[in-house]
Amino acid sequence: MKSDFSNQLTPSQRQAVFHGEGPLLVIAGPGSGKTRVITYRIAALVDAGISPHNICAITFTNKAAEEMRLRCAGLLGFSAPSRISTFHSLCVRILRQYSEQAKVNSNFTIFDAADQAKCIKQAINVCELDTTNFSPSRMLEAVSSLKNRLVNTDLMEQKASDFFSKVLAKIYTSYQNILSQANALDFDDLLMNTAFLLRDNPDVRTELGNRFKFLLIDEYQDTNHAQYQIAKQIASIHNNICATGDPDQSIYRWRGADIRNILAFEKDWPNATVVKLEENFRSTPNILTAADKLISNNSSRKLKVLIPTRPSGSDISISCCDSEQDEAAIVASQIKQLIDSGLSYRDIAVFYRINSASRVLEEVFIRNKIPYQIVRGVEFYSRREIRDLLAYLKILVNPADSLALLRIINTPARGIGKTTIDKIQSFASAHKISLYEALKLSDKIDSLSAGTKAKIKVFVTLLESFKKDINGPVAPLADRIFKDSGLAVDIKDSDELDNITELISAAAAYDQNAENPSLLDYLQQISLYTDADSYDASGDRVALMTLHCAKGLEFENVFIVGLEDGILPHERTAQEDDQIEEERRLFFVGMTRAKSRLFISFAQYRTIRGQLLRSIPSPFLYELGIDLLQTSRSEGLSFQDDDSIEKSIMPLFVPGQKVKHKTFGSGKVIEFVDMGENSIVVVKFNSGQTKSLMLKYANLSII
DNA sequence: GGACTCTTGGTTTTT
DNA sequence: CCAAGAGTCC
């Protein structure tokens, strides 16, 4: 078998694939065949006599895991599968298996963002605080960051010294209480609890270390502290850890990812072998050169070169558009040209910084009959009708999940309204029982009328009647609940019905394919599933997605839209240099997805929250080392040739010149980019902010 | 109890 | 601009 693929690999790839025991770090640039190396490494290990059961590979997304599983099965000839999954998925399985030591109930519900939002609001209320001063999203972010850094509530309460930390500790504790009452874990809990489980139980650590004798982790640059600890604990038993990643592609710092994990790998594993994969098999030199110029503006990085292996290709196209509608139309027409030249829609992707940017593209694509597919974050499972049906399933598995119960107690309407629910809730908290138990005991709640009690009884009987089927396949149960609960009658439009049908057929597929199918496992797995995982490359459609979603993918032709200051880099990141660097990496990731052609565009006006605002090209554009004016002209787009008027003002804005701006105050010119009428002045204001301003609109005065 | 209107506030990226 | 929540009316 070795000979089967060793000749398909470069020397450094071969070194990584056939590396035996001991820690291994693969620093791999974009398009270097990193995923392929991991896949082959698994095969090579099996070839060398390691049982597939003893291999654990961790990918960044479910989609990546699925693909790797398929490829491995191909290489290994469908022998027993290795454990290939995301960190979260792995943790769910570990927590279920060692629920006792981890101090959780194995039938826990996984709370998603919407559930979390409800819980944090409740927690803020319980603490008698105001959600205007302590905004739910901010507090949730803070709690999440604590968990990612493995700070539990006890530790936080000890450590909290200042006012904000004390408040946060209080909210954190009551948030955790609410979750534990519902027998629920959020995404971060999955990691934190697993990390603690491993830390506090040497037996479990040894057992898992022996089970997963080889641990491979992809996208190591985007692991957070909790994930880092989990990996370290498991691998500490045998040192057979293989991490792969690219510090230049770290784009999840905001989610707790700690780039230091990959930078410090050699310190953590002193005898580590380091393999660099610098050859790029994906993109043309034109694209790589520009991407390299861009990323070299980042100061905190491990120097790495991109070695092109492909022949030279087309220039990068940069389009200056009037508005976002104009931009979408230009993208559409460029796509049509590509199609006319014989390419397929499936070879084209459009990337944007923020999800909301997809709307105008969709509208224009529909008008122009361009088939497309939006690869979005979570969408499908957050649809109302889907959540309703899933809530029925959840309450069957985990009766403590009051959030699910509250969702369906009167959906479809069955005459159990707010007043009744309030009464049941106070009964439940008075007797320290769950909402569902209180429902069952509704006879004992004196304040309820006989009619209401009867309605509750019908509802409880309905749920109980579903319970006898929870050990069977999921799809028939879901179908039965949909019909018998009355949800089916409530369905208004055909889209909703389509979604339900899709859910049920997905459940049927689960019943068929899962290793150990059960309703509990199904619910826990789909909680980790996102629409990004549902990207289907088989359809002949243009893929639309955020730059974050684009990670790990590649396309012949890539469009990146909205290269404007405030969008990419996003204005919320404009404050700190390291955040700007992450935005730059994000753009770098987007660019390096392109194999043959790269189209970049920006609009001069953009409607933001209903307001038409003037926008300025992204400072990143000037870092690409491309003559913007020339490129744009060659595209025949809206750059104007007549720049004679502005030329005369130009020499005034040389670097170092002090200027004054109406809103930003005074500052110093750092850079002047001569683009005639569209010239840009980069000014560092005394406030500390650096802004790129369009000369003709900025109304700068010389001081 | 439920449907409707009005107001307010919030606006990045996702496992 | 949009979504969520409060408030109002039947």
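Predicted model: local features only at pLDDT ≥ 70, side-chain atom pairs only at ≥ 80, totals over all residues.
1. The surroundings of DNA strand B. DNA strand B is surrounded by 26 residues, and the closest of them are Arg 353, Asn 355, Asn 410, Thr 530 and Arg 609. Of the atoms of DNA strand B that come within 4 Å of the protein, 55% belong to sugar and phosphate. Sorted by class, the surface near DNA strand B consists of 13 polar, eight nonpolar and five charged residues.

2. Helices at that surface. Helix H21, which covers residues 418-430, and helix H28, which covers 547-550, each supply at least two residues of the surface near DNA strand B. The most is given by H21, with three residues.

3. For His 570, a polar side-chain atom is placed 3.4 Å from a sugar or linking oxygen of DNA strand B.

4. Thr 546. This residue belongs to strand S14, which runs over residues 542-546. Thr 546 has a relative accessible area of 9% and is therefore buried. When neighbours within four places in sequence are left aside, Thr 546 is in contact with Tyr 352, Arg 353, Ile 354 and Asn 355; of these, Arg 353 and Asn 355 are also listed among the residues closest to DNA strand B.

5. The packing of H8 and H10. The axes of helix H8 (residues 136-148) and helix H10 (residues 163-181) come within 10 Å and cross at roughly 80°, so H8 is roughly perpendicular to H10. On the H8 side the contact is made by Met 139, Leu 140, Ala 142, Val 143, Leu 146 and Lys 147, and on the H10 side by Phe 164, Leu 168, Ile 171, Tyr 172, Tyr 175 and Gln 176. By class, the residues of this contact are 10 nonpolar, one polar and one charged.

6. Backbone points to check by eye. Leu 568 and Pro 569 are joined by a cis peptide bond with omega of about 5°, and Pro 569 is found in the loop between strand S15 (555-560) and helix H29 (577-591). Leu 150 is a residue other than glycine with a positive phi, near 60°; Leu 150 sits in the loop between H8 and helix H9 (153-159) and counts as buried because its relative accessibility is 12%. Lys 369, also not a glycine, has a positive phi of about 55° and is found in the loop between helix H18 (358-367) and strand S13 (372-375); with a relative accessible area of 71%, Lys 369 is exposed.

Technical notes
Residues numbered from 1 in each chain as written. Chains lettered and ligands numbered in written order. Heavy atoms only, no water. Near = heavy atom within 4 Å. Polar contact = N/O pair within 3.5 Å; in protein donor to acceptor, adjacent residues only side chain to side chain. Helix = DSSP H or I, 4+ residues; strand = E, 2+ residues; numbered from the N terminus. Nonpolar A, V, L, I, M, F, W, Y, C, P; charged D, E, K, R; others polar. Buried < 20%, exposed > 50% of the residue type's maximum accessible area, 1.4 Å probe, protein only. Contact = heavy atoms within 4.5 Å. Axes fitted to C-alpha atoms, helices over the stretch in contact; angles between N-to-C directions. Parallel < 35°, antiparallel > 145°, perpendicular 65-115°, else oblique.
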